[in-house]
Amino acid sequence: MASEFTVFLGEMIRHPGEVRAIAPSSARVARMMTAGVERVTGPIVEIGPGTGSFTKAILDRGIAPERLILMELNPRFCDALSRRFPGVTVLNKPAQEIEALGLQNVGSVISGVPILAQADLQRAVVGSAFKVLADRGSFVQITYSPNSPISAERLAEMGLSVRKRGTVWANLPPARVFEYRRKLQ
Ligand SMILES: C[S@@+](CC[C@H](N)C(=O)[O-])C[C@H]1O[C@@H](n2cnc3c(N)ncnc32)[C@H](O)[C@@H]1O
């Protein structure tokens with residue numbers, strides 16, 4: 001069977017605009033992305049899981065597979081995810097369609113979707129996620145930029161606050177993790 005890295009590299013070559021990374025995220029990034037997920041209630045949705053670096057970390061934190069839903073655009077990654085993580089719901093659907101799943105009070109959305117480049121994509125992906133997130137739910141995003149991929153202006157427009165969890169240098173390329181929440185009155 002092809003290794004995780006080989007599958008990832010093959011899909012990066014076929015779909016560079018969607019995959020936008022040269023390797024799966026490291027275990028350190030996965031730990032930072034999933035920190036605290038064991039304390040949330042309700043379903044957990046991972047968007048853009050690729051070959052499953054964050055999926056593994058979520059399950060390693062004791063989350064039951066039945067609570068985890070993956071939304072991944074790439075059908076080859078979906079096949080590999082279904083084989084690797086029995087019991088987890090794997091949907092070959094874009095993250096923009098999260099509302100149509102009919103979920104409520106989602107505890108956390110963990111995002112590997114590259115949202116940096118396009119403002120429209122940010123609104124569609126992040127805006128839709130906050131329609132299903134619980135009041136205190138979090139949207140956690142990986143980025144290779146040192147700054148929040150969502151600008152201060154757009155955060156104000158969407159009523160969100162941001163916190164940088166940190167930088168992981170031991171990743172190719174170095175990664176940053178940002179956490180977004182609703183500004184509660
Ligand atoms: C940079 S890779 C990250 C993979 C994995 N989370 C990791 O960190 O190793 C981005 C992933 O997002 C997926 N993707 C891109 N756009 C998407 C969208 N709109 N909805 C769902 N998945 C998407 C790609 O197919 C790819 O698997």
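Helices (H or I, at least four residues) and strands (E, at least two) are DSSP runs, numbered from the N terminus. Residues are numbered from 1 along each chain as its sequence is written. The model is predicted: local features need pLDDT of at least 70, side-chain atom pairs count only at pLDDT 80 or more, and totals for chains, interfaces and linings use all residues.

**Stop 1: a loop residue**

Select Asn 105. It sits in the loop between S3 and S4. Asn 105 is not a glycine, yet its phi is positive, about 50°. Asn 105 is partly exposed, because 14 other C-beta atoms lie within 10 Å.

**Stop 2**

Now pick Ala 21. It lies in the loop between H2 and H3. Ala 21 is partly exposed, because 19 other C-beta atoms lie within 10 Å. From Ala 21 to Trp 169 is 148 residues in sequence and 15 Å in space, C-alpha to C-alpha.

**Stop 3: H3 against H4**

Show helix H3 (residues 27–34) with H4. Their axes come within 9 Å and cross at roughly 60°. Axes are lines fitted to C-alpha atoms, for helices over the stretch in contact, and angles run from 0 to 180 degrees between N-to-C directions. H3 and H4 are therefore oblique to each other. Angles under 35 degrees count as roughly parallel, over 145 as roughly antiparallel, 65 to 115 as roughly perpendicular and the rest as oblique.

Which residues of H3 meet H4? Ala 30, Arg 31, Met 33 and Thr 34 meet Ser 53, Phe 54, Lys 56, Ala 57 and Ile 58 in H4. Contact means C-beta atoms, placed from the backbone, within 7 Å. This contact has five nonpolar, two polar and two charged residues.

Stay on H4. Ser 53, Phe 54, Thr 55, Ala 57 and Ile 58 are buried. The buried residues of H4 pack against H3, strand S1 (44–47), strand S2 (68–71), helix H5 (75–84) and strand S4 (106–111). Just past H4, Gly 62 has a positive phi of about 95°.

**Stop 4: Val 88**

Move to the loop between H5 and strand S3 (89–91), where Val 88 lies. Val 88 is buried, because 22 other C-beta atoms lie within 10 Å. Leaving aside neighbours within four places in sequence, Val 88 is in contact with Thr 55, Pro 65, Leu 68 and Leu 70.

**Stop 5: S6 and beyond**

Select Ser 161, in strand S6. Ser 161 is exposed, because 12 other C-beta atoms lie within 10 Å. Not counting residues up to four places away in sequence, Ser 161 touches Arg 181 and Lys 183.

Finish at Pro 173, in the loop between strand S6 (160–168) and strand S7 (175–182). A cis peptide bond joins Leu 172 and Pro 173, with omega about -10°.

Methods: Contact = placed C-beta atoms within 7 Å. Nonpolar A, V, L, I, M, F, W, Y, C, P; charged D, E, K, R; others polar. Buried ≥ 20, exposed ≤ 12 C-beta atoms within 10 Å, placed from the backbone.
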